[in-house]
Amino acid sequence: PLVPVTVLGTGAMGSALARTFLDRGHAVTVWNRTESKAAPLLAAGAAWRPTPAEAAAASPLVVVCLLDQTAVDDVLAAVGGAIDRRVLVNLTSGSPAHARSAASRVTGWGGEYVDGGIMADPSDIGSDRARLSFSGSRTAYDTHEPTLRELGTAVYYGDDPGLAAVEFLAQVGAGYELLIGLLHTLRLVQTEGADVAAFAERFAQSLEDGYPQVVRAIGKAVRDGDYPPDLGPLSVQAPLMDDLVAHRRSLGVDDTRMTEVRELMNARVAAGHGDEGLAGVFELLRPEKGSA
Ligand code: NDP
């Protein structure tokens with residue numbers, strides 16, 4: 001028998017989650033701060049409850065998908081003890097610290113907590129294209145994994161409820177770090193009078209052809225603390241950085257990141273690691289504060 005599911009929050013993403021559960025035949029209960037936004041789901045067969053506590057009490061599995069952590073805090077306070085003996089899966093994007101504190105509140109009320117992150121468009125929910133990361137109560141995840149897998153490709157990272165948020169922030173963050181570098185480079189390409197779209201097309205091909213191996217090699221090198229020449233030895237890469245920085249400067253294009261790369265490479269070479277790869281720069285990237 002399919003597990004009845006409650007969805008708290010029927011914005012764009014919450015509605016997509018609730019719609020998928022309805023389509024798969026679950027009994028679905030919903031609550032949203034603004035009732036009118038739930039109307040299409042109610043028309044499709046979902047049940048409405050007027051408060052988060054009543055909605056949470058209606059199902060053994062309670063999925064939360066709200067705008068941000070502040071909204072989650074408000075709604076959790078309204079749920080309170082109604083989560084007793086239920087599982088709360090929070091799919092709102094947030095920080096590891098927030099996930100850990102939400103977990104302790106929910107377990108304090110007698111519920112079990114699973115945190116999650118969604119890497120997908122609402123329109124992809126319900127297909128393999130949607131990627132979801134989960135962490136927190138292992139028994140709760142195991143119990144509800146078949147239901148959560150209906151939403152997309154699901155991966156469980158461990159008992160620490162913060163791990164799903166770590167994965168989410170790291171994936172999204174690595175993407176933005178790459179893309180801001182691309183945008184600065186497109187400024188350079190355009191300033192030189194070349195075709196930016198054609199360049200982007202060729203760079204996309206370079207990413208496909210060469211970068212997966214480099215990314216995996218760097219991951220392994222960092223894990224092992226052993227840095228074979230990846231893009232070549234640093235002693236050969238470092239002098240090239242002068243040209244890259246100078247080219248940007250000559251055009252008035254931002255060189256902040258390229259200068260950082262050059263300084264880190266030069267520091268590694270100066271410390272006697274010129275025969276190693278770029279990955280060795282990792283040794284210089286120590287957290288300055290907070291826990292490692
Ligand atoms: P929406 O803006 O469409 O919906 C936000 C929801 O949060 C609404 O249900 C809204 O209620 C509710 N809400 C906001 N503040 C409060 C509050 N203080 N108290 C109670 N409810 C509140 O956002 P999405 O559905 O798109 O996003 C939801 C989550 O999904 C976010 O964490 C987002 O990062 C994540 N996500 C979204 C993606 C997307 O493409 N949309 C992609 C990947 C992740 P009301 O209707 O009353 O305003």
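Helix axes are taken here as lines fitted to C-alpha atoms, over the stretch in contact, and angles run from 0 to 180 degrees between N-to-C directions. Helices (H or I, at least four residues) and strands (E, at least two) are DSSP runs, numbered from the N terminus. The structure is a predicted model, in which local features need pLDDT of at least 70 and side-chain atom pairs count only at pLDDT 80 or more, while totals for chains, interfaces and linings use all residues. Residues are numbered from 1 along each chain as its sequence is written.

The protein chain divides into domain 1 (5-159) and domain 2 (195-284), with bounds that come from an automatic or database domain assignment, and the C-alpha centres of domain 1 and domain 2 lie 41 Å apart. Residues 5-158 are 38% helix and 23% strand, with end C-alpha atoms 23 Å apart, whereas residues 160-286 are 72% helix and 0% strand, with end C-alpha atoms 23 Å apart.

Helix H7 (residues 163-191) packs with helix H8 (residues 196-224) at an angle of about 135°, their axes 9 Å apart. H7 and H8 are therefore oblique to each other, on a scale where angles under 35 degrees count as roughly parallel, over 145 as roughly antiparallel, 65 to 115 as roughly perpendicular and the rest as oblique. Leu186, Val189 and Gln190 in H7 meet Val196, Phe199 and Ala200 in H8, residues being in contact if their C-beta atoms, placed from the backbone, lie within 7 Å. By class, this contact of H7 with H8 has 5 nonpolar, 1 polar and no charged residues, where Ala, Val, Leu, Ile, Met, Phe, Trp, Tyr, Cys and Pro count as nonpolar, Asp, Glu, Lys and Arg as charged, and the others, Gly among them, as polar.

Further along, helix H9 (residues 234-251) and helix H10 (residues 256-270) pack at about 155°, with axes 9 Å apart, which makes H9 roughly antiparallel to H10. The residues of H9 that meet H10 include Leu234, Met241 and Arg248, and among their partners in H10 are Met258, Arg262 and Val269. The contact of H9 with H10 has 9 nonpolar, 4 polar and 4 charged residues.

Technical notes
Contact = placed C-beta atoms within 7 Å.
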